[in-house]
Structure formats: C-alpha cells, structure tokens
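I opened the notebook on this chain to look up its fold first, then its overall shape, and last a few backbone details.

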Amino acid sequence: MQWSCSSVEETSLRIRCTCGSTIFDQKDSLPHKALFVSDQLIELMIDKFLEHAHNLGRVNEGRLTLEEWSRQYFLDSFPVPTSAEELLGEIIASLNVRFWREIYECVECRSIVATANDGSLVFYSRDTDEGGRLLEASDSAEVLMSPVERRDAGLLETT
Ligand SMILES: [Zn+2]
C-alpha cells in the first residue's frame, strides 16, 4: 500500500477530508480513530507507568502518603485525590495526553489523518481499495485475553 501526504483543515472535533467527507471525533470508542505512541517514547512511557504502579504499592503499604505521591507528579495547585486509585487514574490520564497522538481513518475514502509531533494534522491518501479498515479493532475477543483467560476458555492447550 502506498500513501501520499498533504496538510488538511481541522475544526475542533471535525476534520474535513480531501475527499469532501467529514471525520468526526465526538465520542469514545470510535472505529475510525486510534491513538499511537512514537516507538522512541514507548520505553519512557512504560517506565513512567511502572514508577507510578510502584508508588501505588508504597501507598498501600503506608510508606508513602497520597499527598507525597501527588506532589511528585502534580503541582501544588492540583487538589490531592481522595484515593490512591483516583490519583493513579489522574496520572495515567495525564501521561496518556503527553505520550499519545491521534490518527483517524476517513470512513468514505479510507485515507488517514495523523497528528504530527508539532500538533499539526497530516493527510495520507490511500491509493488502493484493497485491504481492510486500518484502525478498527479486531472483532476477536481472543486477542485481548490473558493466558489464563485463554486457558479457561479452552483456547490454549495445556500439558
Ligand atoms: Zn476521505
């Protein structure tokens, strides 16, 4: 598959595709949207998640207070959440915004619009109708199962 690229016009939650249709981003779980992380940032992102997962354990063991943990990440103006789970959720949401970028697939012409690292949108037109939708999730629930869930569903041979 080959792609060509040009810039596109964007208006908040709507993107005008070069084919004339509009790409909407107005709710969660869109089949024509995905988030991506640069391969150069994956290890750093995982390290950040692990650092805060470790802090969750330290809070649960009484070795770190919620406020101490919150102040390791958020400025003093950010209110300290009332539970470790809430704080971890706030940190994960913040990390997601910092690391992930959006990519969309036009539902009409199946071209791709991606967020560049400077925040601009770049349009990649598709030169063939062959191949499936690029961003839609697999309809196979098996893909998302842990090894234990696969074993319990009889999908994994155990010896
Ligand atoms: Zn299009």
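I began with the order of elements, reading from the N terminus, and found that they run β-β-β-β-β-α-α-α-β-β-β-α. Counted up, the secondary structure comes to four helices and eight strands. I note at the outset that this is a predicted model, and I read every entry below with that in mind.

Domains. I looked up how the chain is divided, and the assignment gives domain 1 as 4-36 + 102-152 and domain 2 as 42-98. Domain 1 is therefore written in two segments, with the bounds taken from an automatic or database domain assignment. I then checked the separation of the two domains, and their C-alpha centres lie 30 Å apart.

Overall shape. I asked myself what radius of gyration the chain has beside that of a compact globule of 159 residues. The chain has 20 Å, whereas such a globule would have a value near 15 Å. Along the principal axes, the C-alpha trace spans about 60 × 55 × 30 Å. For burial, I found that buried residues make up 9% of the 159 residues in the chain. Turning to contacts with a separation of 6 or more, I noted that 54% of them are accounted for by residues 24 or more positions apart.

Helix α1. I picked out α1, which covers residues 42-60 and has 19 residues. From its first C-alpha to its last the helix reaches 27 Å, close to the 27 Å expected at 1.5 Å a residue. I also looked at how well α1 is covered, and the answer is hardly, as the count of buried residues among its 19 residues is one. Just after α1, I came upon Gly62, which takes a positive phi of about 80 degrees.

Positive phi outside glycine. I next looked at Ser29, which has a positive phi of about 60 degrees although it is not a glycine. Ser29 is found in the loop between β4 (22-24) and β5 (33-36). Is Ser29 buried or exposed? I put Ser29 down as exposed because it has 6 C-beta neighbours inside 10 Å, and the cut-off for exposed is 12 or fewer.

Arg110 was my other entry here, with a positive phi of about 65 degrees although it, too, is not a glycine. I located Arg110 in the loop between β6 (101-105) and β7 (112-115). With 19 other C-beta atoms within 10 Å, Arg110 is partly exposed, since a residue counts as buried at 20 or more.

Note on methods: Residues are numbered from 1 along each chain as its sequence is written. This is a predicted model: local features need pLDDT of at least 70, side-chain atom pairs count only at pLDDT 80 or more; totals for chains, interfaces and linings use all residues. Helices (H or I, at least four residues) and strands (E, at least two) are DSSP runs, numbered from the N terminus. The radius of gyration is taken over C-alpha atoms; the globule rule is 2.2 Å times the number of residues to the power 0.38. Two residues are in contact if their C-beta atoms, placed from the backbone, lie within 7 Å. The expected span of a helix is 1.5 Å times one less than its number of residues.
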